Every structure is written in C-alpha cells, then in structure tokens.
Amino acid sequence: MTTLPAMSGRSVARMSEPHGSSDLGAFERSCLRLSAHIGRLARWEFWPSWILYALLCPHFVRLAVKHRSLTVFTAANPGIPLGGLVGESKWGILSQLPQGAIVPTAVIEQGSIQDRCAELTRIMNSRQWSFPLILKPDVGERGSGVRLVRSAQAALEYFEKHAERVLAQIYHPGPFEVGVFYVRLPSKKCGRIFSITHKVPPRVVGDGRSSLETLIWREPRLRLQASVFLDRLGDEAQRVPQAGEDVLLAVAGNHCQGTMFFDGARLVTPALARAIDRIAGATPAFCFGRFDIRYESAEEFKAGRGFRIIELNGVLSESTNIYDPAFGLFHGLGVLAQQWALAFQIGSENAARGARKATVREVLREVIQHRARGGDRKSD
C-alpha cells in the first residue's frame, strides 16, 4: 500500500544536494544573457501575449459591432463558466467528458497537509495507482503549478506549496503530446479539427562535465527561456549529468514553460476527426476549445485510437500551432483572427438558442478576482 510521509512542522528540506557547479565564466554568462534577450525580442513567439491581442484590437471591435456584443463569445461553451475565459475548474470540464477518454484523474480538496496526504494515499490505494503522478491546480493556466511527483515525499512538498484544490492524474508517458483545437457551429451536427499542435518538451543531454545550468545556457533555443528552467530546477541546476544522460526540463506541454510547438496538420485524418467529434459531442454544451492529448503511437492516434485527454480548455485557449518557429507574425495573427471570429460566431448562435452571455461587468470582475488569486503565477 502507498503511504505518504507524516507531515513535519516545517518545510521539508531538499532530499539531495547539488552534485556540481556551473562552469560558465562571468563574461560568457553575460554574453549569453545578452544573446537570449536579443533573441526573445527578435522572435515574436516570445512576445507577451498582450502585444498580439493589442494588434488584434481593430478585429475585436469589428466582431463586437457585427455581433452587437463585446462578450457574446462567453456563450461559445454554455456548459463552462464564461465559456472557459478565465477561472474555470479543470475537473469541472474534464468530468463532462467520457471518462474512458481522459487520463484517470482525482480531486484533492483544500485542507490540512496531513489530510491531503491521507486523501492521496486513500485514492492511490483504492484505485491501485502508483508513482509517478501529475499534480496540478484545479484552476490555473499556461502550465502553472504542474509538477511530476515521483514519490510520497515529493507529493507532501507539493501540498506544502499549493494550498488550493489540486488534481492528481496518472502520468501518461506518451511520449507524444498534442493540442487539438476543435470547433463546432451549434447549427451543425458535426464539428471539425481547426488545428493540431505537436509539442516537443525541452531536454538536454549531459556531457559528464557541464552543469544543467551551463547546458541550458549553451543551447541556443533553451537559453531563450533559461530563467523558466533555472527557476524550476533550483539547486538541481548545479547538478552535472552523466555523459549521455537525457534530462527532461518540463512536463507541462506549454510554450511559456519551455515546450516547443510545431504545426501538426499532418496528423489530421478523417478517423481522428470522427473520434474527436464523438468525444466533444458527448458534451453538447462544448463547441469551442483545445484538447490537450497524450499518445504512444502516431499511427494509432491518426486512426482515432490509443490516446488520452489530459485537459480541455475553452475560449481563451489558442490554436497554438501559431508558435511554430516556421510561422511569421502575420500568419499567427491571421490564425488568431480566424479563431476569434469563430468564437464570436459560435457564441452568437448559442445566444440565439437561449444560452446566456456574460456581461462586461461579470467578465471584468472574474478577471480581476482571478488575478488576485494568483491565476497568472509562474510554475513552481
């Protein structure tokens, strides 16, 4: 039986000490930092999202005038609060899907650390789960707070840092992960796959001499998000991996957490489209959003089999294939413009059928409250 450790009266210390030290010189470090700063400015995929949406403001104005509402897009998914704009419960959405289609998931409510450890122990024993598991906040975005825990001690440490409601999920090893963006007009029986994003997690390979920090800074792509990796690694960043050791730097399939995104249009097949449509159709109040999916075999996935959903996101989710480095800014803006045009259209159709759209005041209140709860915090 799985047993989590008893709660101590203080924070649990790290279980291991760093095994090496960075071999970056001060001058080299400065040069690499400058290179990373310039690289982020030159590549629009790393720009703050508010810049992209500011560029789309005229488009939003046109959509609001056309549909006679600023907020009608919140009716795009009547079964999700605000259509999935902000602050929605991940479990509230996942629980509406066929349970055989999702990664096995359990809810750990707020409470004392001791009670939460006991609840996780009970869940693992009753469902015959074993480590590793994924723990993540039930309300969160952009991969914030997602952690792969490999032991009871690591789970206890996670609960010490996260007092909010948490989801525990079986870790699906993949190794492949995609974001499948789905849309369905309420007037149509079937929907379609708007896009697929193929996700490649960041990793480094040890050389037996350099610390993880050095390996990250010396990799041109990784150095652009070095602060994300180093904050997450903490003292572990000074460890020197063995020669040939493959070190995964992130488990959250999110761009701002370091994962690379590529257009996955080659994966779209009629069989996959039918499978996704069947799953989405089981939740009639869902019409617009992105399934985050893990699978083992590309051939099985394209045949519409052998995959599990880890999350489903609503109207604020993006067609993340736009962050493929091969795509330019205007291509990305064009895809976002199409996406939001569909969100307004779907919301308008649902509203005409009786679905409620949120008021501007409600939207502003929820966004402010979400930010006050720390909804935009970085992953730990």
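Gly191 sits in the loop between strand S5 (176-183) and strand S6 (192-200), where helices (H or I, at least four residues) and strands (E, at least two) are DSSP runs numbered from the N terminus. At 22% relative accessibility, Gly191 counts as partly exposed; the scale runs from buried, under 20% relative accessible area, through partly exposed in between, to exposed, over 50% (1.4 Å probe, protein chains only). Leaving aside residues up to four places away in sequence, Gly191 touches Tyr182, Val183, Arg184 and Asp277, a contact being heavy atoms within 4.5 Å. Gly191 and Cys287 are 96 residues apart along the chain, and their C-alpha atoms are separated by 7.9 Å.

The model is predicted, so local features need pLDDT of at least 70 and side-chain atom pairs count only at pLDDT 80 or more, while totals for chains, interfaces and linings use all residues. Residues are numbered from 1 along each chain as its sequence is written, and side-chain values use heavy atoms, with hydrogens and water left out.

Stepping back to the whole chain, 13 helices and eleven strands are found. The radius of gyration is 22 Å, close to the 21 Å that the globule rule gives for 380 residues, so the chain is as compact as a globular protein of that length. Here the radius is taken over C-alpha atoms, and the globule rule is 2.2 Å times the number of residues to the power 0.38. The C-alpha trace spans about 60 × 50 × 45 Å along its principal axes. Of the 380 residues, 49% count as buried. Among the contacts in the chain with a separation of 6 or more, 75% come from residues 24 or more positions apart.

The accessible surface of the chain comes to about 18000 Å², and 56% of this belongs to carbon and sulfur atoms; the areas come from the Shrake-Rupley method with a 1.4 Å probe, and for residues only the protein chains shown count as cover. Charge is carried by 48 positive and 36 negative side chains, and the centres of the two sets lie 7 Å apart. In this count Lys and Arg are positive and Asp and Glu negative, with His and the chain ends not counted. Each charge is placed at NZ of Lys, CZ of Arg, CG of Asp or CD of Glu.

In helix H3 (residues 57-67), the buried residues are His59, Phe60, Leu63, Ala64 and His67. They cover an arc of only 135° around the axis, which puts them on the same side of H3; the arc is that of the directions from the helix axis to the C-beta atoms. An α-helix has 3.6 residues a turn, so residues three or four places apart point the same way. Arg62, Val65 and Lys66, on the other side of H3, are exposed. The buried residues of H3 pack against helix H2 (49-55) and helix H12 (329-352). Just after H3 comes Arg68, with a positive phi of about 60°.

Helix H9 (residues 226-233) has Ala226, Phe229, Leu230 and Leu233 buried. They cover an arc of only 95° around the axis, which puts them on the same side of H9. The partners against which the buried residues of H9 pack are helix H7 (212-217) and helix H8 (220-223). Gly234 follows H9 and has a positive phi, near 60°.

The backbone holds further points of interest. Most residues other than glycine have a negative phi, and most peptide bonds are trans. Leu82, in the loop between H3 and helix H4 (90-94), has a positive phi near 55°. At 15% relative accessibility, Leu82 counts as buried. Gln128 lies in the loop between H5 and S2, and its phi is positive too, near 60°. With 73% relative accessibility, Gln128 counts as exposed. A cis peptide bond joins Phe131 and Pro132, with omega about 5°, and Pro132 is in the loop between helix H5 (113-127) and strand S2 (133-137). Another cis peptide bond links Gly174 to Pro175, where omega is about 15°. Pro175 is found in the loop between strand S4 (166-170) and strand S5 (176-183).

Finally, Ile113 belongs to helix H5. At 19% relative accessibility, Ile113 counts as buried. Ile113 and Gly314 are 201 residues apart in sequence and 31 Å apart in space, C-alpha to C-alpha.
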